[in-house]
Amino acid sequence: KDTWKRAKIEELKYMLAGARLAQEYTGVMLHAQAKFLKKVIVLLPALKAPTITRLKEGGAFDILTVAKKQEMRLLIPRLKKLGCTDIVEFPVNKVVL
């Protein structure tokens with residue numbers, strides 16, 4: 001029975017820590033043309049690496065990443081200047097590493 005309680009406490013611990021850490025982060029999704037994809041990737045922070053998916057048409061990519069809120073305020077205008085489109089910033093509820 002103590003093992004079960006310990007497991008539940010550990011689960012609660014990392015869920016609360018993840019919720020706390022998420023307060024510092026925001027998610028962003030955007031579209032970038034292939035011709036400047038490398039420049040966009042260099043700019044983008046990520047927990048590990050951004051998720052990049054080729055769009056079905058148009059030679060563009062969908063990019064998804066998570067970054068600190070303070071970084072994103074400065075980053076979105078730079079991404080727009082590079083030519084990124086459809087930039088969507090969204091809240092992050094948990095970050096469990």
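Visitor: Which residues does Leu79 touch, if those up to four places away in sequence are not counted?

Guide: In this predicted model, Leu79 touches Leu30, Val40, Leu43, Leu44, Cys84 and Ile87, once residues up to four places away in sequence are set aside. Leu79 is also one of the buried residues of helix H3, together with Met72 and Leu75.

Visitor: How should I read the spacing of buried residues along a helix?

Guide: The general idea is that an α-helix has 3.6 residues a turn, so residues three or four places apart point the same way. Here the buried residues of H3 are Met72, Leu75 and Leu79, and what covers them includes strand S1 (25-33), helix H2 (37-43), S3 and strand S4 (85-91).

Visitor: Which residues have the most contacts inside the largest nonpolar core?

Guide: That core has 15 residues, and those with the most contacts inside it are Leu30, Ala32, Val40, Leu44, Ile63, Leu79 and Cys84. The elements that give two or more residues to this core are S1, H2, S3 and H3.

Visitor: Where does H3 bend, and how does its length compare with the expected span?

Guide: Helix H3 covers residues 69-82, and its 14 residues reach 20 Å from the first C-alpha to the last, close to the 20 Å expected at 1.5 Å a residue. Just after H3, Gly83 takes a positive phi of about 110°.

Visitor: Where else does phi take a positive value, and in what kind of residue?

Guide: One case is Gly58, whose positive phi is near 95°, in the hairpin of S2 and S3, where five residues stand between the strands. Another is Asp86, a residue other than glycine, with a positive phi near 50°; the place of Asp86 is in strand S4.

Visitor: How do the strands pair, and in which sense, parallel or antiparallel?

Guide: For each pair, one reads the sense, the number of bridges and the partners. S1 and S3 run antiparallel and are joined by nine bridges, with Gln33 having Ala60 in S3 as its bridge partner. S1 also pairs with S4 in the antiparallel sense, over five bridges, and Val28 stands opposite Glu89 in S4. Strand S2 (residues 51-54) pairs with S3 over four bridges, again in the antiparallel sense, and there the bridge partner of Thr51 is Leu64 in S3.

Visitor: Is Thr65 buried or exposed, and what does its side chain reach?

Guide: Thr65, which lies in strand S3 (residues 60-68), counts as buried because its relative accessibility is 5%. Its side chain reaches the backbone oxygen of Pro45 at 2.8 Å. Leaving out residues up to four places away in sequence, Thr65 touches Thr26, Gly27, Val28, Leu44, Pro45, Ala46 and Pro50.

Visitor: Where is Ala49, and is this residue buried or exposed?

Guide: Ala49 has its place in the loop between H2 and S2, and with a relative accessible area of 54% this residue is exposed.

Note on methods
Residues are numbered from 1 along each chain as its sequence is written. This is a predicted model: local features need pLDDT of at least 70, side-chain atom pairs count only at pLDDT 80 or more; totals for chains, interfaces and linings use all residues. Side-chain values use heavy atoms; hydrogens and water are left out. Buried means under 20% relative accessible area, exposed over 50%, partly exposed in between (1.4 Å probe, protein chains only). A polar contact is a pair of N or O atoms within 3.5 Å; within protein, one must be able to donate a hydrogen and the other to accept it, and residues adjacent in sequence count only if both atoms are side-chain atoms. Contact means heavy atoms within 4.5 Å. Two strands pair if DSSP finds at least two bridges between them. The expected span of a helix is 1.5 Å times one less than its number of residues. A nonpolar core is a set of buried Ala, Val, Leu, Ile, Met, Phe, Trp, Tyr and Cys residues joined through side-chain atoms within 4.5 Å.
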